[in-house]
Structure formats: C-alpha cells, structure tokens
Amino acid sequence: MLSYAVYSEAGGVGKTTLSANLAVAHARAGLDVLVVPLDPQDGDLSYLFDVDDDRANTDTDTLVHHLVGRATDDFTELVRTVEHGVDIIPEHNRLEDLGEALRKEQEARSDFGESFPMWTQLQRVLREANVNKHYDVLIVDPPASSGPHLYNALDATRNLVLPLEPSGKGQASVSGLDDLVTNLEEQLEINIGVLAAVPNRFKGTRDQDSIIEEIETQGFDVPAILRDRTSLLEGCWRKKCSAFTYVREHRDRRREYELETLEKFDRLARHLEAQGDIEAPAPPEAGSLEREDVEVRA
C-alpha cells in the first residue's frame, strides 16, 4: 500500500486541495483510496468533499473514539464514499481536543501499568481495520501545526508529500525542508521518506525558478510544478468537488491551462504510485476527461 501525508508547516500553500486532487487522480486510475483528514479547523477536506454534515454531532462514533480505544461501532462505519469512489473519514469537532483525549487515555492506562504511546494510535487503528488489505493508497491530511495530529499522521504513513509556495514568503520553509524532515524523524524515532516536493502557485519568475532549483539541490524530487490557478481552485471550494469534477461539470468550456493542471495532478499521482511500487490498473490519459471514470475495484 502506498501511504503518505500531505504536509506543510506553512499555511495557505494548497495542502488540502492537493490532497483532494491526488486522491481523485489515484482513484480514477482504478485504485482504492482512503483519505484520513486530521485538520480540526473548518474549511477542510471534509468540507471540500461535501461530507461535513456530521462534524458537530456529539452522539456519533468518531475517529477520536477509535484512537483512544473507545469505539462504539466498526471502523467501516466511519467511512463515507465521495466522488470517483474515494473513501474518506470525515473530520469531527472532537479532533480539536485530540491531544487532551490521548493524554487522558495514556494516564488512565498508566494507572493500570499499561503502555499507551500517543503517537502510534492512528497506525494501530488502521492496522486493526486491515486498511492495507482493503486499500491501495492511504492519504493523511494533518494540520500545519506540530502535535498529535501530525505525529500520528507521520507514524502511520512514514512518507511525506510537501506542497510549498516558491515565493519570498515561503523562502524560509523551502530553506528549512531538510531540517524539518530530520527533526521530525528524530522526534518520532522513525524514518520518513519525502516522495515529492510540489511547488504551487508558480508564476514563472526568476526568483521562483531559483527557489525551485534550491529545492532540487537539497535532493528533493519535484515531479510537478503547479501554476497559479486561483479561479479553478476557488471554484472547487465553491462547488465542493475536485478540480476534475469542477472542470467536467461546472465549466461551460474546456480551458487548456486547466486541463494542463489536471494533467499534472495525474502525472504526480503516477509518480507517487511508482515510488510505492504500485501500478494503477487503468490509468487514463493524463488530464483527459473524455472517457467514463473507471470503477474502483472491490
């Protein structure tokens, strides 16, 4: 199974939209995809895929219940299926207090001489649910801040996809990419692979070219560079769908530059699949919307 977290310590770099469109790019190639968003703030992946209706329901079973060993239902009951057959575990407001919930459970277990490592609980839940047997791709979308959400995401996936903004504002993040990964590895005592760095909102300036060159000099793969497509991505949020669905269903005509963006999402997905030694059974022509979407394998 290919597993990765889409993460940036800087906000506003398109992390969530990248997660959504990669999930769809994998799925429309015939792969079974599970997305686990862990960002507790509104305007998140659950909202983008329009499955945000239950996040304030205090009576429902949630991922947090499973993480602290207090599930009231089967793991499969957490899963919702959205466009292109992508499966997602919608965010719930309980994620805001995940750190406190994990800490309390750790203290309660300690009173009985039991171990409860706080940063490995997502991995445990996914393993017990046999996620690796049911899915080809796992994508986790943690918040930008450090803490239990990020640490559980990294322990469960062991791989990163790093969206970044090649600008003066994002320069510090770019310069510190290697240190970021090293520090996370040391803190969690695991090895973390970086599958790709993905520059976003690229406008073709000399300064941006220099920043991307710096990224590659640090040894990170840059398989795709996403140009500034504000109108397209704002449309996705407005209509609550991926870029693939937005272009196909909500544009009155096809725009070549938007099809180019879809092509880059597809090619990036193929690159990540190759990194995970996964071959998609029915990859479409990159960026193509001309054929019916393939059915996800059972």
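Trainee: Which element gives the largest share of the lining of the largest cavity?

Mentor: Keep in mind from the start that this is a predicted model. The largest cavity has a volume of about 90 Å³, and two helices, one spanning 15–27 and the other, H13, spanning 256–275, each supply at least two residues of its lining. The largest share amounts to three residues, and the element that these come from is H1.

Trainee: Which residues lie closest to the centre of that largest cavity?

Mentor: The structure holds three cavities of 30 Å³ or more, and we are still speaking of the largest one, whose lining divides by class into seven nonpolar, five polar and two charged residues. Of the 14 residues in that lining, the closest to the centre are Thr17, Asn200, Leu226, Leu233 and Phe265.

Trainee: Turning to the largest pocket, which element gives the most to its lining?

Mentor: The largest pocket holds about 410 Å³ of space, and its lining is made of 25 residues, with Gly12, Gly14, Lys15, Thr17 and Arg201 nearest the centre. Two elements give two or more residues to this lining, namely H1 and the helix that spans 230–239. With four residues, the one that gives the most is H11.

Trainee: How many charged residues are in the lining of the second largest pocket?

Mentor: This pocket holds about 290 Å³ of space, and among its 18 lining residues Asp54, Thr60, Asp61, Glu77 and Leu78 lie nearest the centre. When the lining is divided by class, eight residues are nonpolar and three are polar, while the number of charged residues is seven.

Trainee: Is Thr58 buried or exposed?

Mentor: Thr58 sits in the loop between helix H2 (45–48) and helix H3 (63–67), and its C-alpha atom is separated by 8.5 Å from that of Arg94, which is 36 residues apart from it along the chain. To settle the matter, compare the relative accessible area with the cut-off for an exposed residue, which is over 50%. The value for Thr58 is 57%, and therefore Thr58 is exposed.

Trainee: Which residues have the most contacts inside the largest nonpolar core?

Mentor: In soluble globular proteins, nonpolar side chains tend to be buried together. Here the largest nonpolar core has 48 residues, and those with the most contacts inside it are Leu34, Val36, Leu63, Phe75 and Leu122.

Trainee: Which residues is Phe75 in contact with, leaving aside its neighbours within four places in sequence?

Mentor: Phe75 is one of the residues with the most contacts inside the largest nonpolar core, and a contact here requires heavy atoms within 4.5 Å. Once its neighbours within four places in sequence are left aside, the partners of Phe75 are Leu34, His66, Ile89, Val125, Leu126, Ala129 and Val131.

Note on methods:
Residues numbered from 1 in each chain as written. Predicted model: local features only at pLDDT ≥ 70, side-chain atom pairs only at ≥ 80, totals over all residues. Heavy atoms only, no water. Core = buried A, V, L, I, M, F, W, Y, C linked by side-chain atoms within 4.5 Å. Buried < 20%, exposed > 50% of the residue type's maximum accessible area, 1.4 Å probe, protein only. 1 Å grid on protein atoms, 1.4 Å probe; cavity = no way out; pocket = protein on both sides within 12 Å on 5 of 7 lines; lining within 4 Å. Points joined across faces, edges and corners; volume = space filled by probe spheres on them. Nonpolar A, V, L, I, M, F, W, Y, C, P; charged D, E, K, R; others polar.
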